[in-house]
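Colleague: I would like to go through this entry feature by feature. Could you give the general idea each time, and then the case at hand?

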Amino acid sequence: VAALAVHEFSHYGVARALGDEPLERIELAPFGGVIRYAPGRSASKGLRGVLIAAAGPASNYALIVLTGPLSGVLGEAFSRQLIYANLSMLVINLLPALPLDGGSILFSLGYFWFGVARMVRVLCALGVFFGVGLVLTALYGVMQLGTANVTLLIAGVYLMVCAFKSRSVMLSQNVYTVIH
């Protein structure tokens with residue numbers, strides 16, 4: 001949860017530093033988080049959007065790098081858990097799918113060249129695809145190893161639900177932006 005909080009507040013800090021307002025709230029759940037914009041607002045596009053989306057994974061990378069020198073103070077077991085938590089967040093968040101940061105980066109880069117509806121449809125479909133992949137990986141572990149990775153299972157379901165919900169939210173935010 002601490003890694004997630006640092007991740008989301010990094011997005012928030014970069015958004016505030018770039019003047020990306022108004023941000024309504026930050027929602028944290030055990031397997032993900034999101035920054036909500038005020039009604040009628042959407043995240044920045046182009047380089048600003050890339051910087052905001054990349055801030056979360058960059059903070060996870062920074063925490064991985066900082067944990068090494070601090071392992072003597074933090075303890076070996078705790079340091080290992082911090083590294084695993086931040087590494088898994090870094091890798092999963094860079095997948096090219098919405099609502100993940102990798103999908104947001106692609107969306108911010110492609111916003112000006114490709115149709116918004118098509119990009120949202122493809123990137124959200126990839127989110128469902130990767131969610132299914134996480135669930136199947138968890139089930140494979142049960143069948144082959146006899147152990148259930150509940151984290152993968154919950155994260156996969158969470159990703160599928162968020163990807164499905166993101167489609168309508170992204171389309172409505174961007175249609176509103178285009179109209180104005």
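Modeller: Helices here are DSSP runs of H or I with at least four residues, strands are runs of E with at least two, and both are numbered from the N terminus. This is a predicted model, in which local features need pLDDT of at least 70 and side-chain atom pairs count only at pLDDT 80 or more, while totals for chains, interfaces and linings use all residues. Residues are numbered from 1 along each chain as its sequence is written, and side-chain values use heavy atoms, with hydrogens and water left out.

Colleague: How many helices and strands are there in the protein chain?

Modeller: The protein chain has six helices and two strands. Their order along the sequence is α-β-β-α-α-α-α-α.

Colleague: What share of the residues in the protein chain is buried?

Modeller: Buried means under 20% relative accessible area, exposed means over 50%, and partly exposed lies in between (1.4 Å probe, protein chains only). Of the 180 residues in the protein chain, 36% are buried. As for contacts (heavy atoms within 4.5 Å), 60% of those between residues at least 6 apart in sequence join residues at least 24 apart.

Colleague: Which residues make up the largest nonpolar core?

Modeller: In soluble globular proteins, nonpolar side chains tend to be buried together. A nonpolar core is taken as a set of buried Ala, Val, Leu, Ile, Met, Phe, Trp, Tyr and Cys residues joined through side-chain atoms within 4.5 Å. The largest one has eight residues: L98, F107, Y111, V116, M119, V120, L123 and C124. Helix α5 (residues 116-145) supplies five residues, the largest share of this core. There is also a second, separate core of five residues, with L23, I35, Y37 and I52 among them.

Colleague: Now the helix packing. At what angle do α4 and α5 pack?

Modeller: Two packed helices are described by the angle between their axes and the distance between the axes. The axes are lines fitted to C-alpha atoms, for helices over the stretch in contact, and angles run from 0 to 180 degrees between N-to-C directions. For α4 and α5 the angle is about 165° and the axes are 11 Å apart. Angles under 35 degrees count as roughly parallel, over 145 as roughly antiparallel, 65 to 115 as roughly perpendicular and the rest as oblique. The pair α4 and α5 is therefore roughly antiparallel. On the α4 side G103, L106, F107 and G110 meet V116, M119, V120 and L123 of α5. That contact has six nonpolar, two polar and no charged residues, where Ala, Val, Leu, Ile, Met, Phe, Trp, Tyr, Cys and Pro count as nonpolar, Asp, Glu, Lys and Arg as charged, and the others, Gly among them, as polar.

Colleague: Are α1 and α2 parallel, antiparallel, perpendicular or oblique to each other?

Modeller: Helix α1 (residues 2-17) and helix α2 (residues 46-74) pack at about 140°, with axes 8 Å apart, and they are therefore oblique. From α1, the residues A3, V6, H7, S10, H11, V14 and A15 meet L51, I52, A53, A55, G56, P57, S59, N60 and L63 of α2. By class, the residues of this contact are 10 nonpolar, six polar and no charged.

Colleague: Which residues does N86 touch?

Modeller: N86 belongs to helix α3 and counts as buried, at 1% relative accessibility. Not counting residues up to four places away in sequence, N86 touches A3, N60, L63 and I64. A3 and N60 also belong to the contact of α1 with α2.

Colleague: Is E8 buried or exposed?

Modeller: E8, in helix α1, is buried at 6% relative accessibility. Neighbours within four places aside, E8 contacts I26, L28, G33, V34 and I35. I35 is one of the residues of the second core.

Colleague: Where does T67 lie, and what are its contacts?

Modeller: T67 lies in helix α2 and is buried at 4% relative accessibility. Leaving aside neighbours within four places in sequence, T67 is in contact with L74, S79, L82 and I83.

Colleague: Is L153 buried, partly exposed or exposed?

Modeller: L153, in helix α6 (residues 150-179), is partly exposed at 34% relative accessibility. Beyond four places in sequence, L153 contacts V135 and A138.

Colleague: Finally, is the peptide bond from L98 to P99 cis or trans?

Modeller: Most peptide bonds are trans. The bond from L98 to P99 is cis, with omega near 15°. P99 sits in the loop between α3 (76-93) and α4 (101-110), and L98 is part of the largest nonpolar core.
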